[in-house]
Amino acid sequence: MLVLQPVMGLIRLSMKNEKDLNRIAAIERAIAKKYGKEAIQNPRANWDEEKEKEYLKQLKELAQKERRTQEASEKVLVNGVLVSKKLLNKEPIGSCPVCNKYTRKVGDDIAMAKYDCCNDCYIKWVEHREERWLGGWRPNEGNIKTDS
Ligand SMILES: [Zn+2]
């Protein structure tokens, strides 16, 4: 494992927060577990090209994961609304607070982000009456058909 120290040091420098450091530590532990104590005690004898290749592969995967996490916190413009990419990728978001249906369809995530309801409810209750909706108006329970 001694041979890894300079590499790990560089990665640590490029990581920003505690979460990242924890992730690195977890990878270090996983590697130690996989290759055993020999890798730590006598790296030259046991650390062959194959192991190094796999180690580098894990580093690459970590970097990709890192990028994905970063992308998830970015926001994208959808129909003039800033929606978190994380929200768009996540599905189903959950049930619609208005009709209690689970939201899975395209458009639900956007309606949910903007109006806190599914796309069906948006079409039924919000569209062309956005001001009323945003002012807090909600349909009576008796008016909501959940079987449609
Ligand atoms: Zn709904």
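1. In this predicted model, D116 has a positive phi of about 65 degrees.

2. As for the overall layout, the protein has 9 helices and 4 strands. Their order along the sequence is α-α-α-α-α-β-β-α-β-β-α-α-α.

3. The protein contains 148 residues, and 11% of them count as buried. Taking the contacts between residues at least 6 apart in sequence, 28% link residues at least 24 apart.

4. Helix α7 spans residues 108–115, and helix α8 spans residues 119–126. The two pack with their axes 7 Å apart and at an angle of about 55 degrees. Because angles from 65 to 115 degrees count as roughly perpendicular and those under 35 as roughly parallel, α7 is described as oblique to α8.

5. Which residues make up the contact between these helices? From α7 come D108, A111 and Y115, and they meet N119, Y122 and V126 of α8. Sorted by class, this contact has 4 nonpolar residues, 1 polar and 1 charged.

6. Where on α7 do the buried residues lie? The residues in question are D108, D109, A111 and M112. They lie on the same side of α7, because the arc they cover around the axis is only 165 degrees.

Definitions and conventions:
Residues are numbered from 1 along each chain as its sequence is written. This is a predicted model: local features need pLDDT of at least 70, side-chain atom pairs count only at pLDDT 80 or more; totals for chains, interfaces and linings use all residues. Axes are lines fitted to C-alpha atoms, for helices over the stretch in contact, and angles run from 0 to 180 degrees between N-to-C directions. Angles under 35 degrees count as roughly parallel, over 145 as roughly antiparallel, 65 to 115 as roughly perpendicular and the rest as oblique. Two residues are in contact if their C-beta atoms, placed from the backbone, lie within 7 Å. Ala, Val, Leu, Ile, Met, Phe, Trp, Tyr, Cys and Pro count as nonpolar, Asp, Glu, Lys and Arg as charged, and the others, Gly among them, as polar. A residue is buried if 20 or more other C-beta atoms lie within 10 Å of its own, exposed if 12 or fewer, and partly exposed in between; C-beta atoms are placed from the backbone. The arc is that of the directions from the helix axis to the C-beta atoms.
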